[in-house]
Amino acid sequence: MRTSKEGAAECGGDAGARHAVWPGVIERYREYLPVTETTPIVTLLEGNTPLVPAPRLAEATDPSLSIYLKCEGFNPTGSFKDRGMTMAISKAVEAGSRAVICASTGNTSASAAAFAARAGLRAFVMVPRGSVALGKLSQAAIHGARVLMVEGSFDQALDIVRRIAESYPVTLVNSVNPFRLEGQKTGAFEVVDQLGRAPDYHLIPVGNAGNITAYWRGYREYHRDAKIGSLPRMVGFHAAGAAPIYENRVIDEPRTVATAIKIGNPASWGPALEALRDSRGFLDVVTDEEILRAYRMLAREEGIFMEPASAATVAGLVKVVKEGRIEPGSTLVLTLTGHGLKDPDTALESASRPASVPASLDAVLAQLGL
């Protein structure tokens, strides 16, 4: 095997056939990213996540719709955060940093810890106690990060790490780091490359609001270069108990089962509003009950297991289609931000418990109803 200048490995089989291996988002979209030939690229070959058609979801909402699921849970650490983290860590190494820090509701901490380990950097993570799913916390810990559980909210934790980064030799890798959103915009590039066009609507969960901002940036850059002829309408969904942009106020104590979007004062509040306005899109809220219903629906109808925050887009889809806010015949892309295994407790609480049976054929058949 050898690695080409572009970073793709060429593999020769017995018959001499070759195929390019995905090189990660920086090498794939280098011309759109703030890197140079001397930037040390720290990658886990993130990106290239599947865009899955969802015909049963369309059937359950509006059969005239073409619905696609951008499954970001298939990134290396199980969430979309890897797109931005490869950029943030690469630029941190380029700047000579030896340590990184972040506040997190879970996915950022997992990604930061993994990419820091890949780069040989120290990682410091602050998470709000009781608000981080077990799967995410275990990731940060196994990658060797120093994890502190804060007796407070995510927003308080973010304020602390921002002040630390301003005064001490550590690099902040939350989405306030501009390189994070640069990496995350590659999700929009991939959607277009996979779909062959921009969707009519792009639906996305909104927590810290960086992702909706980044996707809109990516679509605009492809449109600028005439790679797409039209732009999508961006549609965001807050959890009802954590809806600061929708309610136009900071939520001091956000509450939702969707811990990944349990944020009361989004760092990208202003840019997200610009994306919604400029795209002629809109923002709405979904309840925890609607989220959990969509969470189960996604798993049972489409065979896709994503964390509750991801299901906010599906819950939102059901809601806005019912309200007549989506034009019939449209093409929609829903970003599913993180894998279901990030939050196994919610899955177990939402599913039926396994039944115990004697080790007998008749007993098993009786339980199966065959």
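Colleague: Morning! Before we start, is this structure predicted or experimental?
Modeller: Good morning! This is a predicted model.

Colleague: Thanks. What is the strand order in the open sheet of 4 strands?
Modeller: The order is β8-β7-β6-β9, and the pairing is parallel.

Colleague: And which strands stand at the edges there?
Modeller: Those are β8 (146-150) and β9 (171-172). Each has a single partner strand, so one side of each is left without a neighbour in the sheet.

Colleague: How many bridges join β7 to β8?
Modeller: There are 5 bridges between β8 and strand β7, which covers residues 122-128, and the two run parallel. If you want a pair to look at, Val127 stands opposite Met149 in β8.

Colleague: Nice. Which strands does helix α6 touch when it packs on that sheet?
Modeller: Helix α6, residues 154-167, touches β6 (99-103), β7, β8 and β9. The direction of α6 makes about 155 degrees with that of β6.

Colleague: Let's stay around β9 for a moment. Where is Asn174 found?
Modeller: Asn174 is in the loop between β9 and α7.

Colleague: Is Asn174 buried or exposed?
Modeller: Asn174 counts as buried, because its relative accessibility is 3%, and the cut-off for buried is under 20%.

Colleague: What does the side chain of Asn174 have 2.7 Å from one of its polar atoms?
Modeller: That would be the backbone oxygen of Ala103. Asn174 also touches residues beyond four places away in sequence, including Ile101, Cys102, Thr108, Phe154, Leu158 and Arg180.

Colleague: Switching to helices: how do α4 and α5 cross?
Modeller: The axes of α4 (residues 107-119) and α5 (residues 134-142) come within 8 Å and cross at roughly 20 degrees. The two helices are therefore roughly parallel to each other, and their crossing is left-handed.

Colleague: Which residues meet there?
Modeller: From α4 you have Asn107, Ser109, Ala110 and Ala113, and they meet Lys136, Gln139 and Ala140 in α5.

Colleague: Okay, now β13. How many of its residues are buried?
Modeller: The strand spans residues 331-336 and is mostly covered, with 6 of its 6 residues buried. Both faces are covered: Thr331, Val333 and Thr335 lie on one side, with Leu332, Leu334 and Leu336 on the other.

Colleague: Which residue stands opposite Thr335 in β13?
Modeller: Lys70 does. The strand β5 (residues 66-71) is joined to β13 by 6 bridges, and the two run parallel.

Colleague: What about the pairing of β10 with β13?
Modeller: Strand β10, residues 201-205, pairs with β13 in the parallel sense over 3 bridges. There, Leu203 stands opposite Leu334.

Colleague: Quick one on Gln184: which helix does it lie in, and is it buried or exposed?
Modeller: Gln184 lies in helix α7, residues 178-184. At 1% relative accessibility, Gln184 counts as buried. Beyond its neighbours within four places in sequence, Gln184 is in contact with Phe80, Arg83, Gly84, Gly210, Asn211 and Ala214.

Colleague: Last stop, Ser360. Where is its place?
Modeller: Ser360 is in the loop between α14 (344-350) and α15 (361-368). Ser360 is partly exposed, with a relative accessible area of 31%.

Colleague: Which backbone nitrogen lies 3.4 Å from a polar atom of the Ser360 side chain?
Modeller: The backbone nitrogen of Asp362.

Methods:
Residues are numbered from 1 along each chain as its sequence is written. This is a predicted model: local features need pLDDT of at least 70, side-chain atom pairs count only at pLDDT 80 or more; totals for chains, interfaces and linings use all residues. Side-chain values use heavy atoms; hydrogens and water are left out. Buried means under 20% relative accessible area, exposed over 50%, partly exposed in between (1.4 Å probe, protein chains only). A polar contact is a pair of N or O atoms within 3.5 Å; within protein, one must be able to donate a hydrogen and the other to accept it, and residues adjacent in sequence count only if both atoms are side-chain atoms. Two strands pair if DSSP finds at least two bridges between them. Contact means heavy atoms within 4.5 Å. Axes are lines fitted to C-alpha atoms, for helices over the stretch in contact, and angles run from 0 to 180 degrees between N-to-C directions. Angles under 35 degrees count as roughly parallel, over 145 as roughly antiparallel, 65 to 115 as roughly perpendicular and the rest as oblique. A crossing is left-handed if the near helix is turned anticlockwise from the far one by less than a right angle, and right-handed if clockwise.
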